[in-house]
Amino acid sequence: MWQTLRFTLGVLGHITAPVASLEETTPLSSMDRWICSRLYSTVLQCEQAFEAYELHTVTSALYSFWVHSLCDVYMEHEAVWPRMRGNCQPTQREVTA
């Protein structure tokens, strides 16, 4: 967790401007849409588990999203790195996906 947060904060720097509307956060790439779908699924899992008082399921769902979806796939995907550095050009792999 620490490494992901440290990397993200290092990339963002002192950018603290709030997002004004949902339209500004609309995912642009297939990877962005994928991570949003994984987050949505995780939120649904957590809501159901909280209602059933299954806290172990909540922690497992959060851990799985953070480690496997966010860190292992999304952050490691080659299309994310250029955008994190400020280069918004999609890679060839992203274009063909």
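This is a predicted model: local features need pLDDT of at least 70, side-chain atom pairs count only at pLDDT 80 or more; totals for chains, interfaces and linings use all residues.
Tyrosine 53 is found in the loop between H2 and H3. Its backbone also deserves attention: the phi angle of tyrosine 53 is near 60 degrees, a positive value in a residue other than glycine. As background, most residues other than glycine have a negative phi.

The secondary structure of the protein chain comes to five helices and zero strands. Followed along the sequence, the pattern is α-α-α-α-α. The protein chain has 97 residues, and buried residues make up 23% of them. Consider next the contacts between residues at least 6 apart in sequence: 56% of these join residues at least 24 apart.

In general, two packed helices are described by the angle between their axes and the distance between the axes. Here helix H2 covers residues 30-51 and helix H3 covers residues 55-75. Their axes come within 8 Å and cross at roughly 170 degrees. H2 is therefore roughly antiparallel to H3, since an angle over 145 degrees counts as roughly antiparallel. On the side of H2, the residues that make the contact include Met31, Trp34, Ile35, Arg38 and Cys46. On the side of H3, they include Val58, Ala61, Leu62, Phe65, Ser69 and Leu70. What kinds of residue form this contact of H2 with H3? They divide into 15 nonpolar, four polar and two charged.

Cysteine 46 is placed in helix H2, and it is buried, with a relative accessible area of 9%. Leaving aside neighbours within four places in sequence, cysteine 46 is in contact with Val58, Ala61 and Leu62. The C-alpha atoms of cysteine 46 and histidine 56 are separated by 10.0 Å, and these two residues are 10 residues apart along the chain.

Attention now passes to H3. This helix has a kink of about 25 degrees, centred on phenylalanine 65. The buried residues of H3 are Val58, Ala61, Phe65, Ser69, Leu70, Cys71, Tyr74 and Met75.

Serine 69 lies in helix H3. Is serine 69 buried or exposed? It counts as buried, because its relative accessibility is 7% and buried means under 20%. Not counting residues up to four places away in sequence, serine 69 touches Trp34, Ile35, Arg38, Ser64 and Tyr74.

Leucine 70 is also placed in helix H3. Leucine 70 is buried as well, with a relative accessible area of 15%. Which residues does leucine 70 touch, not counting those up to four places away in sequence? They are Thr4, Ile35, Phe65 and Met75. Leucine 70 and isoleucine 35 are 35 residues apart in sequence, and from C-alpha to C-alpha they are 7.0 Å apart in space.

The largest nonpolar core has six residues in all: Met31, Ile35, Phe65, Leu70, Tyr74 and Met75. H2 and H3 each supply at least two residues of this core. H3 gives the most, with four residues.

Methods. Residues are numbered from 1 along each chain as its sequence is written. Side-chain values use heavy atoms; hydrogens and water are left out. Axes are lines fitted to C-alpha atoms, for helices over the stretch in contact, and angles run from 0 to 180 degrees between N-to-C directions. Angles under 35 degrees count as roughly parallel, over 145 as roughly antiparallel, 65 to 115 as roughly perpendicular and the rest as oblique. Contact means heavy atoms within 4.5 Å. Ala, Val, Leu, Ile, Met, Phe, Trp, Tyr, Cys and Pro count as nonpolar, Asp, Glu, Lys and Arg as charged, and the others, Gly among them, as polar. A nonpolar core is a set of buried Ala, Val, Leu, Ile, Met, Phe, Trp, Tyr and Cys residues joined through side-chain atoms within 4.5 Å. Buried means under 20% relative accessible area, exposed over 50%, partly exposed in between (1.4 Å probe, protein chains only). The bend at a residue is the angle between axes fitted to the seven residues ending there and the seven starting there.
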